[in-house]
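Let's take it one region at a time.

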Amino acid sequence: MSLSAPRAILFDLDGTLADTAPDLAAAINLLRSARGLAPTPYEVLRPTASAGARGMIGASFGLAPGDAGFEELRVGFLANYEAAIAVHSTLFPGVSELLDGIRNAGLSWGIVTNKAARFTEPLVPLIGLHQAGCVVSGDTTAHAKPHPAPLLEAAARLQLAPEHCWYVGDDLRDIQAGRAAGMATVACQWGYCGASEPSSWGADHLLPTPDALLALIRATVAAAPLAA
């Protein structure tokens, strides 16, 4: 479908702007090592990285929230991750150029993540995202994605109506939150994408690379009618 020209692009963090899976995987495998267990293969862990502790513990230990032992593992996992939060984490190829292109087009950009501020605040500057116009963490509002509250908070911080924002993410919850907030949505295939097929999420666009997203933004802005 055609999209209206945005004034801001909002992004999920893990699996969208940044490849944080290596450090998340290291944190969970430290728990396995401490228990005398072999590491869970990275290719098993990577698709669940956008789901944070729930995803990592589920993939590595087969436990879900509410199961016996889950909370102990969650606390240990988060402590391990906090202690080594940006050892191997980097921006995905093309993301720096994407963000430069957004700024050069006169648009704002921001981050809306379910990662708690305890982790977001130190991570963002360490991986070169300090120029974000806003950063909304998973505990900034009373609700996390797929609830629209974090996206509405980001739009308010940028002083924009939600319909003037696009939201880009690599998880079904991102698309659900964006649609609930009244934003155009983009599913990014370069991210982790979990166990479900992104084409089934109902996003307005499904794009393979940050370059493709920048091209879409430029084309949409160029096609927009001039303001009266």
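This is a predicted model: local features need pLDDT of at least 70, side-chain atom pairs count only at pLDDT 80 or more; totals for chains, interfaces and linings use all residues.

H3 itself spans residues 52–61, and its buried residues are Ala53, Gly55, Met56, Ile57 and Ser60. The cover over these buried residues includes helix H1 (21–34), helix H2 (42–45) and helix H4 (70–83).

## Where H3 meets H4

The axes of H3 and H4 are 10 Å apart, and the two helices pack at an angle of about 115°. The crossing of H3 past H4 is right-handed. On the H3 side, the contact involves Gly52, Ala53, Arg54, Met56, Ile57 and Phe61, which meet Phe70, Leu73, Arg74, Phe77 and Leu78 of H4. Sorted by class, this contact has eight nonpolar, one polar and two charged residues.

An α-helix has 3.6 residues a turn, so residues three or four places apart point the same way.

## The largest pocket

The volume of the largest pocket is about 580 Å³. It is lined by 30 residues, and those closest to its centre are Ala51, Gly52, Ala53, Asn114 and Lys115.

Which helix gives the largest share of the lining? That is H4, with five residues. H3, H4 and helix H8 (172–180) each supply at least two lining residues. By class, the lining has 13 nonpolar, seven polar and ten charged residues.

## Arginine 179 in H8

Arginine 179 sits in helix H8. Setting aside neighbours within four places in sequence, arginine 179 is in contact with Thr185 and Gly202. Between arginine 179 and serine 89 there are 29 Å in space, C-alpha to C-alpha, and the two are 90 residues apart in sequence.

## Backbone details in the loops

Most residues other than glycine have a negative phi, and most peptide bonds are trans.

The peptide bond from lysine 145 to proline 146 is cis, with omega near 20°. Proline 146 belongs to the loop between strand E5 (135–136) and helix H7 (149–157).

Glutamine 159, in the loop between H7 and strand E6 (165–169), has a positive phi of about 60°. Cysteine 193, in the loop between strand E7 (184–188) and strand E8 (205–207), has a positive phi of about 65°. Are these residues buried or exposed? Glutamine 159 is exposed, because its relative accessible area is 73%, whereas cysteine 193 counts as buried at 8%.

Key: Residues are numbered from 1 along each chain as its sequence is written. Side-chain values use heavy atoms; hydrogens and water are left out. Buried means under 20% relative accessible area, exposed over 50%, partly exposed in between (1.4 Å probe, protein chains only). Helices (H or I, at least four residues) and strands (E, at least two) are DSSP runs, numbered from the N terminus. Contact means heavy atoms within 4.5 Å. Axes are lines fitted to C-alpha atoms, for helices over the stretch in contact, and angles run from 0 to 180 degrees between N-to-C directions. A crossing is left-handed if the near helix is turned anticlockwise from the far one by less than a right angle, and right-handed if clockwise. Ala, Val, Leu, Ile, Met, Phe, Trp, Tyr, Cys and Pro count as nonpolar, Asp, Glu, Lys and Arg as charged, and the others, Gly among them, as polar. On a 1 Å grid over the protein atoms alone, a cavity is a set of points where a 1.4 Å probe fits but cannot get out, and a pocket is an open set with protein on both sides within 12 Å along at least five of seven lines; lining residues have an atom within 4 Å of a point. Grid points are joined across faces, edges and corners, and a volume is the space filled by probe spheres set on the points.
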